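I opened a new notebook page for this one. Here is what I looked up, in the order I went.

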Amino acid sequence: SGSLVDDESSFAELPDADQRQIITCWIDSRDYGLGYFLLNGAMGSFFNDQTVIVRDQRSVQYIDQAQELNQYPLDQASTVLKKKMTILNFFEKSLIEQAMSQMSLTTVISPSPDGYFHHLYRYTRTRHAMIFWMTNGTLQVNFFADHTKIFVWPDLRVTFIDKHRKHRTYHLANLKHALVLRRLEYLQSHMLLLPRTFV
């Protein structure tokens, strides 16, 4: 059900900048995990052992398997986390070779007041899409075939980026656009593929 014509009553503004911590570019490695750039330019990696590194220009945040946060100056991290920083640098080289995504959502995002960068918490690859879930509750789906993307924000607004890279944000409760609804149905049908510890 739904219409291919937008109903203006369902339109919404984009969430505040501090909520828009999304993945703009990523690389998936069976050997190491997933490396990615965030919208603010920070670099992250979700390793196969379920640990996470997020690095900006000054520091590195390392989240261990118990979800404990450890923060290091950039130079110190290269020693303390030598192997994982080497993998992170490998991911970064590969990502720089890709064209950075042009999604028209660009903004400068600062850490939260306690200095914590929201990051990728879990992800899964399906036949048709990559599904990402961020630590702030944002769901992101990148579809392979037409390069469309959908974001479900923590406040239940939904942003859809079409194949022409134009974006529109909706109130979920009033959403009637058929294509966007189908994308959301796809997301819902694949949620159980995310690791059980994540749900």
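My entries follow, from the whole chain down to single residues.

**Ground rules.** This is a predicted model, where local features need pLDDT of at least 70, side-chain atom pairs count only at pLDDT 80 or more, and totals for chains, interfaces and linings use all residues. Residues are numbered from 1 along each chain as its sequence is written, and side-chain values use heavy atoms, with hydrogens and water left out.

**Whole chain.** I started with the secondary structure and got three helices and 12 strands. Helices here are DSSP runs of H or I with at least four residues, strands are runs of E with at least two, and both are numbered from the N terminus. Next I looked up burial: 48% of the 199 residues count as buried. Buried means under 20% relative accessible area, exposed means over 50%, and partly exposed lies in between, using a 1.4 Å probe and protein chains only. The accessible surface of the chain is about 10,900 Å², and 50% of that belongs to carbon and sulfur atoms. Those areas come from the Shrake-Rupley method with a 1.4 Å probe, and for residues only the protein chains shown count as cover. I also checked contacts (heavy atoms within 4.5 Å). Among contacts with a separation of 6 or more, 49% are between residues 24 or more positions apart.

**Helix α2.** I went to residues 82–96 and found 15 residues reaching 21 Å from first C-alpha to last, close to the 21 Å expected at 1.5 Å a residue. The expected span is 1.5 Å times one less than the number of residues. Which residues of α2 are buried? I noted Lys84, Met85, Ile87, Leu88, Phe91, Glu92, Ser94 and Leu95. These buried residues pack against β1 (23–29), β2 (33–38), β3 (43–47), β4 (52–55), β5 (59–63) and α1 (74–80).

**The open sheet.** Six strands line up as β7-β8-β9-β10-β11-β12, with antiparallel pairing. Two strands pair if DSSP finds at least two bridges between them. β7 (120–125) and β12 (167–171) are at the edges with a single partner strand each, so one side of each has no neighbour in the sheet. Neighbouring strands are turned by 15° against each other on average, direction ignored. For such angles, axes are lines fitted to C-alpha atoms (for helices over the stretch in contact), and angles run from 0 to 180 degrees between N-to-C directions.

**Strand by strand.** Five bridges join β7 to β8, and arginine 122 has tryptophan 133 in β8 as its bridge partner. The two strands form a hairpin with three residues between them. β8 and β9 also pair over five bridges, with alanine 129 opposite phenylalanine 143 in β9. From β9 (residues 139–143) to β10 (residues 149–152) I found four bridges; glutamine 140 has phenylalanine 151 as its bridge partner in β10.

**How covered is β8?** Six of its six residues are buried. Ala129, Ile131 and Trp133 point one way, while Met130, Phe132 and Met134 point the other way.

**Aromatic pairs.** A pair of aromatic rings is described by the distance of the centres and the angle of the planes. Rings of Phe, Tyr and Trp (its six-membered ring) pair if their centres lie within 6.5 Å; planes under 30 degrees apart are stacked, over 60 edge-to-face, and the rest tilted. I got six pairs by this rule. Tryptophan 26 and phenylalanine 132 have ring centres 6.0 Å apart and planes at 65°, so this pair is edge-to-face. It links distant parts of the chain, since tryptophan 26 is in β1 and phenylalanine 132 in β8 (residues 129–134), 106 residues apart. Tryptophan 26 is buried at 18% relative accessible area, and phenylalanine 132 is buried at 0%. Ring pairs also link Tyr32, Phe90 and Phe91 into a cluster.

**Last stop, histidine 164.** Where does histidine 164 sit? I found histidine 164 in the loop between β11 (157–161) and β12. Histidine 164 is exposed, with a relative accessible area of 57%. Its C-alpha is 8.4 Å from that of threonine 148, 16 residues away in sequence.
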